[in-house]
Amino acid sequence: MESLKDYNTFRINAGCNYLEIIRDENQLLQYISSKEKVSCRIIGEGSNLLLVDHIQEDVLINRIGGISVIREDERTVWVEIGSGENWHQFVLWALENSLGGIENLSLIPGTVGAAPMQNIGAYGAEQESVFSYLEAIELATGKKYTFQKEDCRFDYRESIFKNEWKGRFYITRVVYRLDKPPHIINKSYGVIEDILNEWNITNPNIHDVSQAVIHIRQSKLPDPKFIGNSGSFFKNPIVHAHVLQILKSTYPDVPNYPVDDQYVKIPAGWLIEKSGWRGKKVGNAGTYKNQALVIVNHGKATGREIYNLAQEIARDVKNKFGIDLVPEVNIWPG
Ligand code: FAD
Ligand code: NAP
């Protein structure tokens, strides 16, 4: 049996029967052709994963590398990245090359190939705004496909790969479209502006925005190197405006962000905190002291303990606010 402890940021000691580290497309095609029927799961860095039990399928660890400029014009550079590259290293590469568009997404853990899976987003930006296309291999057939942005059906922490095509494709390369200077600076997320003001930066560049995001993240989120976690456990619920009005009659201070003219997003962390869960510990699991939306492993938690805690939290939020919390984290097996 192989342990997956080093391949998930919750540091859960679940196992699998067979594990292979995939370093290029040929190795992947060889793996596929060696099987009568492929039955496998893919892990990048395991930073959006909760393992609640032994994994019966083969586990492929994605380490397909490489980064190259494939095209450019006077405003834009198209960059092709191997899906096993680390996302933040890609952000640093872009900054070094004065390319803009992903600086708000600094310090998000995980691989480039997992970024389109849930259309990663943070601090007022989402990967879809710089996404061009991706290449993927169908696991059942070994056939190569190219998917354009419209094929991927990106949405709030969603894509077709997390839904209809779940488990069907291995994403091998992603092409992003980055901006040459002059860059558009995105300070729409209030706390970025606050930090830049605190640092007396009135005319920020992409490096300043990246530094501000890194600073905020390091002060607020647990580093998985020291405390096991998978970031936000639940998605922020999107509710109809009339639900917000009802909530406001009891909680006038409920934070909310418009999604469109009918729907609003309510921070799941606020709902969890108001339900009394921030910083609470249950056995070896708990919620993080600075952000209740992050469930943490205090050392020896099993995946089941974390899962049970998440269920309990979701139940309490439902009872108190009538709002369903949906996990953002991928729960395996399942
Ligand atoms: P994994 O966890 O390994 O896999 C996630 C899913 O993608 C699985 O279903 C897996 O099978 C699938 N998958 C992975 N690679 C491939 C591939 N090549 N082909 C097909 N399927 C694949 N997320 C955000 O969106 N915004 C944030 O700000 C953010 N902050 C975080 C902060 C912390 C501290 C942590 C721990 C997590 C955070 N996350 C955030 C979640 C996580 O970092 C992202 O979802 C990331 O993209 C996951 O990458 P990964 O390589 O670790 O994916
Ligand atoms: P926060 O700043 O405490 O805010 C709570 C939530 O309110 C956020 O999740 C965000 O939604 C929303 N929000 C706040 N200001 C907003 C604005 N100006 N415009 C639109 N929405 C706003 O959140 P946090 O937990 O510290 O996280 C900060 C950012 O990093 C967020 O964007 C969050 O998504 C991201 N993050 C994600 C993960 C993950 O695992 N997915 C983990 C850590 C941080 P959005 O989530 O839609 O932005």
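Start with the make-up of the shell around ligand 1: by class, it has 15 nonpolar, 13 polar and three charged residues. Keep in mind as you look around that this is a predicted model. The shell counts 31 residues, and those that come nearest to the ligand are Ile42, Gly44, Ser47, Thr111 and Arg217.

Where in the fold do these residues sit? Several strands each supply at least two residues of the shell: strand 4 (40–43), strand 9 (121–122), strand 13 (169–179), strand 14 (228–232) and strand 21 (330–332).

Now zoom in on individual polar atoms. Glutamine 118 places a polar side-chain atom 3.0 Å from an oxygen atom of ligand 1. For asparagine 62, a polar side-chain atom lies 3.4 Å from a nitrogen atom of the ligand. With glycine 121 the backbone takes part: one of its polar backbone atoms is 2.7 Å from a nitrogen atom of ligand 1. How much of ligand 1 does the protein bury? Taken alone, the ligand exposes 970 Å², and the protein buries 93% of that.

Finally, let's turn to the surface. Here Ile238, Val259 and Tyr263 form a nonpolar patch, and together they have about 240 Å² of accessible area. Why does isoleucine 238 count as partly exposed? Its relative accessibility is 37%, and the partly exposed class lies between the buried limit of under 20% and the exposed limit of over 50%.

How values were computed: Residues are numbered from 1 along each chain as its sequence is written. Chains are lettered from A and ligands numbered from 1 in the order in which they are written. This is a predicted model: local features need pLDDT of at least 70, side-chain atom pairs count only at pLDDT 80 or more; totals for chains, interfaces and linings use all residues. Side-chain values use heavy atoms; hydrogens and water are left out. A residue is near a molecule or strand if one of its heavy atoms lies within 4 Å of it. A polar contact is a pair of N or O atoms within 3.5 Å; within protein, one must be able to donate a hydrogen and the other to accept it, and residues adjacent in sequence count only if both atoms are side-chain atoms. Accessible areas come from the Shrake-Rupley method with a 1.4 Å probe; for residues, only the protein chains shown count as cover. Helices (H or I, at least four residues) and strands (E, at least two) are DSSP runs, numbered from the N terminus. Ala, Val, Leu, Ile, Met, Phe, Trp, Tyr, Cys and Pro count as nonpolar, Asp, Glu, Lys and Arg as charged, and the others, Gly among them, as polar. Patches are made of residues with over 30% relative accessible area and no salt bridge: like charges are joined within 9 Å, nonpolar side chains (Val, Leu, Ile, Met, Phe, Trp, Tyr) within 5 Å. A salt bridge is a side-chain nitrogen of Lys or Arg within 4 Å of a carboxyl oxygen of Asp or Glu. Buried means under 20% relative accessible area, exposed over 50%, partly exposed in between (1.4 Å probe, protein chains only).
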